[in-house]
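Open the structure in your viewer and keep the selection tool at hand. The stops below say what to select next and what is there.

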Amino acid sequence: MELTPTLPLLAILAAIGVGTGTLGAILGTGGGVFLIPVLVLGFDVPMRFAIGTSILSVIATSTAVAITNVERGTANMRLGMTLEIGTSLGAIVGGLTAGVIHGDILEIIFGLVLVPTALVMWRKRAGDGEAGEPATNPPVAARLLPQAEPTASLSHLGVGRLGATYFDTGLGREISYRVQRLWAGLGISVMAGVLSGLLGIGGGVFKVPAINLLCGVPIKAAAATSNFMIGVTAAASAFLYLGRGDVQPAMTAAVVMGIVLGSFVGSYLNRYVGGLFVKRLFAVLLVGVAVQLLVRAWMGHGGGGGGHA
Amino acid sequence: MNDAESRTRRWVQRTLAVGLAASAVLLIAGAVLVFTKHEGAQQAERFKLVATVSRAARGEGTAVMTIGLLILMLTPVARVIVLGLDWLLVGERLFAAVAATVLTLLTISVVLGTG
């Protein structure tokens, strides 16, 4: 892929980053699900370059958000590091797989993953947070299924080696929890890692409900811990994309800077424009994008977005 | 949150913040160099560390951006190292071993990708 880095072009790419980062933060999906379709469908960027750009953007936004979450104490670093064994392994498998399958196939898989993402967005309530957001609000992915409720202080019982305690500002008290079914959490982490490495997305939509429901971690801590893990997961496949030459430096730099800015703007705007109607409108839009990607790939027009195969 | 836990979190925070800031500075510097030197069309190519550093040292904007992106990618890796060392120092050997396992996987990725 050849690119002449002119000021107008980089400004447009940065604006795309700001726009998709803002949308991602408002709608609670992370920027990747919007960034990749915009680059592929709007600018005819080959799929593998769009994924390479997205995976770097995921690292940047996750890092920025993690700085806040770590300070608040909601991210469970011991659990996060343990599950990162699964996500990193999966991301390497996903990243290697993306290098050998055709771009059309990647577009089909991406289109299919957009559908559950849109469903999560549809079910989201106004004011809900997200997997990639500072955990001030509960994320919404778990609303598809019943949530594991925060347990009143268990400190007298101990939280085990993986459990933790944090202060919930919304409830006004300390929440302690033990981690259950770690192996199940690790299994889901491997799958989320594969999707992240394959498609350049954070995978929080799948991880947060799993950590909450399977491992019994309260939803705020699950969201913060998921975000804490995303940077390492994305890095595990990003080196593969960089090494293959699937990262276009100027395009990626412009989008990364834009998307980090956009995620902050979106977090601010979320209080004012994150209503149910807007979320459902974009959920429908996302399904439309998924259909467009699937049709395009089916017709073989994703050739420009081919993998290395 | 006890003192050791607070200290760990501070170190993780600092690591992430420094990595993000260093990356941003290089991305912006690279963009400035690209425009001031009027760098032409760029073909995406396989990453080679020595060649990229050498081009960056000559003031090539695209190479400087690539180093910035590399630092961004290494920031989570640095976070794993910091946490692993901290757990080792406070005697949490199990989690230090977990961090070492994650670091090994990341190293495999680095070698597969850029080796």
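A crossing of two helices is left-handed if the near helix is turned anticlockwise from the far one by less than a right angle, and right-handed if clockwise. Helices (H or I, at least four residues) are DSSP runs, numbered from the N terminus. The model is predicted: local features need pLDDT of at least 70, side-chain atom pairs count only at pLDDT 80 or more, and totals for chains, interfaces and linings use all residues. Residues are numbered from 1 along each chain as its sequence is written, chains are lettered from A and ligands numbered from 1 in the order in which they are written, and side-chain values use heavy atoms, with hydrogens and water left out.

**Stop 1: a helix pair across the two chains**

Axes are lines fitted to C-alpha atoms, for helices over the stretch in contact, and angles run from 0 to 180 degrees between N-to-C directions. Angles under 35 degrees count as roughly parallel, over 145 as roughly antiparallel, 65 to 115 as roughly perpendicular and the rest as oblique.

Now show the side chains. From helix 3 of chain A, A:L56, A:I59, A:A60 and A:T63 are in contact (heavy atoms within 4.5 Å) with B:L69, B:L72, B:M73, B:T75 and B:P76 of helix 3 of chain B.

**Stop 2: the whole interface**

Select both chains. The contact takes 55 residues from chain A and 51 residues from chain B. Together the chains bury about 4,700 Å², 75% of it on carbon and sulfur atoms. Buried area is the accessible area (1.4 Å probe) that two parts lose on being put together, summed over both. Pick out A:R78, A:M81 and A:F239: they supply 17% of the area that chain A buries against chain B, more than any other three residues.

Three salt bridges cross this interface; the term means a side-chain nitrogen of Lys or Arg within 4 Å of a carboxyl oxygen of Asp or Glu. Select A:R78 again, with B:E5: their side chains meet in a salt bridge (3.4 Å, N to O).

**Stop 3: within chain B**

Select residues 3-36 of chain B, helix 1, together with helix 3 of chain B. The two pack at an angle of about 175°, with their axes 7 Å apart, and are therefore roughly antiparallel to each other.

**Stop 4: within chain A**

Select helix 6 (residues 182-199) and helix 8 (residues 219-244) of chain A. Their axes come within 9 Å and cross at roughly 45°, which makes helix 6 of chain A oblique to helix 8 of chain A. This crossing is right-handed.

Last, select A:R296 and A:E107, whose side chains meet in a salt bridge (3.1 Å, N to O). A:R296 lies in helix 10 (residues 276-298) and A:E107 in helix 5 (residues 103-123) of chain A, 189 residues apart.
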